[in-house]
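The following questions and answers work through a few local features of a predicted model. Please look over the sequence and the structure before reading on.

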Amino acid sequence: MASAGSALKVHAVRFGPGQELLCSLLAFVEERNLKAPFIITCVGSVTKATLRLANATAGNTNEVIHLDECFEIVSLVGTLNKEAHLHICLADKEGKTLGGHVLGDLEVFTTAEVVIGEASDLLFDRQMDHRTGFPELVIQSRSEKS
């Protein structure tokens with residue numbers, strides 16, 4: 001188990017209609033050179049989404065759904081290092097929810113209001129974990145890295 005404490009820096013950003021949320025978040029992180037960013041909260045709506053479902057494994061990553069209708073963003077959580085690991089929960093026009101691992105195509109409908117935290121004393125990276133078959137989070141202290 002990897003864990004560490006850190007001071008917190010908070011960033012807020014709003015994305016508008018037509019912007020792709022995942023790419024926009026990654027660009028925001030890169031422009032500000034954030035080293036240990038994560039989603040604190042997000043509200044808004046999307047018109048499209050591509051998600052990997054929970055039953056995916058390293059050997060079977062094809063359990064993917066492509067959504068093409070208006071959804072409210074009920075929740076968006078995860079880390080935003082170069083290989084972002086985000087999960088989203090969306091609600092349709094009847095209030096039914098579905099969610100999964102974000103692969104992309106999160107096209108903003110009206111707005112996406114995002115609060116991003118950065119663990120100021122840490123670095124987030126990903127390394128392949130032979131136990132899961134996926135690149136998993138590696139947490140480092142910035143002082144150890146120096």
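Q: Is cysteine 89 buried, partly exposed or exposed in this predicted model?
A: Cysteine 89 has a relative accessible area of 23%. Buried means under 20% and exposed over 50%, with partly exposed in between, so cysteine 89 is classed as partly exposed.

Q: How many disulfides does a search of the whole structure find, and how far from the sulfur of cysteine 89 is the closest cysteine sulfur?
A: A disulfide requires a pair of cysteine sulfur atoms within 2.5 Å, and the search of the whole structure finds 0 disulfides. Cysteine 42, which is in no disulfide, has the sulfur of cysteine 89 as its nearest cysteine sulfur. Seen from cysteine 89, the closest cysteine sulfur is likewise that of cysteine 42, too far for a bond because the separation is 12 Å.

Q: Is cysteine 42 buried or exposed?
A: The relative accessible area of cysteine 42 is 2%. Since buried means under 20%, cysteine 42 is buried.

Q: Which backbone oxygen does the side chain of serine 24 reach?
A: Serine 24 is found in helix H1, which covers residues 21–31, and with a relative accessible area of 14% it is buried. Leaving aside neighbours within four places in sequence, serine 24 is in contact with Phe15 and Gln19. At 2.7 Å, its side chain reaches the backbone oxygen of glutamate 20.

Q: Which residues form a nonpolar patch on the surface together with leucine 8?
A: Leucine 8 lies in strand E1, residues 8–15, and counts as exposed at 52% relative accessibility. The patch has about 270 Å² of accessible area together, and leucine 8 forms it with Val10 and Ile40.

Note on methods. Residues numbered from 1 in each chain as written. Predicted model: local features only at pLDDT ≥ 70, side-chain atom pairs only at ≥ 80, totals over all residues. Heavy atoms only, no water. Helix = DSSP H or I, 4+ residues; strand = E, 2+ residues; numbered from the N terminus. Buried < 20%, exposed > 50% of the residue type's maximum accessible area, 1.4 Å probe, protein only. Polar contact = N/O pair within 3.5 Å; in protein donor to acceptor, adjacent residues only side chain to side chain. Contact = heavy atoms within 4.5 Å. Patch = residues over 30% accessible without salt bridge, like charges linked within 9 Å, V, L, I, M, F, W, Y side chains within 5 Å. Areas by Shrake-Rupley, 256 points an atom, 1.4 Å probe, with all protein chains shown as cover. Salt bridge = Lys/Arg side-chain N within 4 Å of Asp/Glu carboxyl O.
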